[in-house]
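Visitor: I would like to learn how to read a helix and a ligand site in a model. Please show me the case at hand.

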Amino acid sequence: MAIERTLSIIKPDATNRNLTGKINAKFEEAGLRIIAQKRIQLTPAQAGVFYAVHKERPFYGELCEFMASAPVVVQVLEGESAIAKNREVMGATNPADAAPGTIRAEFAESVGENSVHGSDAPETAAAEIAYFFSGLELVG
Ligand code: ATP
Ligand code: MG
């Protein structure tokens, strides 16, 4: 087990409903440290670059519009096995499948508007962190 860093995004459906603090409490209760955080509004093009891996999927356009529809909170979480732990705290992509107590079970509105993003592997975590933060902004 190693200390890892992962990129998290609190999505527009959650910032719209003023859920940033409640979601951050879930991360902290799970032992994840928020070592960088900022609230920004993405353009659809910036969201498109971030989610480029999904560009052939039928929901890609809708996803980019949604991610640019209101501010998001981008953050770096650090901790023991942070990538897997964050995804555990988030719950399944579709809130209907998310385990009780997870962020998506409690807060997500639909499979698309599902409150949070979390990196899925060490390589994607490193690339996603670098997309939003400079090294100087990461204070572990
Ligand atoms: P994320 O990458 O946001 O952490 P994830 O890894 O659980 O979520 P992915 O398969 O990577 O899920 O999908 C990326 C995002 O695309 C989802 O979080 C969701 O917002 C959106 N999405 C996924 N599947 C659908 C779908 N069937 N319809 C609409 N939107 C979807
Ligand atoms: Mg994903």
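This is a predicted model: local features need pLDDT of at least 70, side-chain atom pairs count only at pLDDT 80 or more; totals for chains, interfaces and linings use all residues.

Guide: Residues are numbered from 1 along each chain as its sequence is written, chains are lettered from A and ligands numbered from 1 in the order in which they are written, and side-chain values use heavy atoms, with hydrogens and water left out.

Visitor: Which residues of helix α2 are buried?

Guide: Buried means under 20% relative accessible area, exposed over 50%, and partly exposed in between, with a 1.4 Å probe and protein chains only. Helices (H or I, at least four residues) and strands (E, at least two) are DSSP runs, numbered from the N terminus. In α2, residues 20-29, the buried ones are Ile23, Asn24, Lys26 and Phe27.

Visitor: Why are they on the same side of α2?

Guide: They span an arc of only 150° around the axis, so they lie on the same side of α2. The arc is taken from the directions from the helix axis to the C-beta atoms. An α-helix has 3.6 residues a turn, so residues three or four places apart point the same way. On the face turned away from the buried side, α2 carries the exposed residues Gly21, Lys22, Glu28 and Glu29. Gly31, with a positive phi near 90°, follows α2.

Visitor: Which residues come nearest to ligand 1?

Guide: A residue is near a molecule if one of its heavy atoms lies within 4 Å of it. Of the 14 residues around ligand 1, the nearest are Lys11, Tyr51, Thr93, Gly112 and Asn114. Both α5 (82-90) and β4 (116-118) supply at least two residues of the shell.

Visitor: Which polar side-chain atom lies 2.9 Å from an oxygen atom of ligand 1?

Guide: A polar contact is a pair of N or O atoms within 3.5 Å; within protein, one must be able to donate a hydrogen and the other to accept it, and residues adjacent in sequence count only if both atoms are side-chain atoms. One such atom belongs to Lys11. The side chain of Asn114 also has an N or O atom 2.9 Å from a ligand oxygen.

Visitor: Where is Asn114, and is Asn114 buried or exposed?

Guide: Asn114 is in the loop between α6 (103-107) and β4, and counts as buried because its relative accessibility is 2%. A polar atom of its side chain lies 3.2 Å from the backbone oxygen of Thr93.

Visitor: What does the side chain of Ser119 contact?

Guide: Ser119 is in the loop between β4 and α7 (122-132). Its side chain makes a polar contact of 2.7 Å with that of Glu128.
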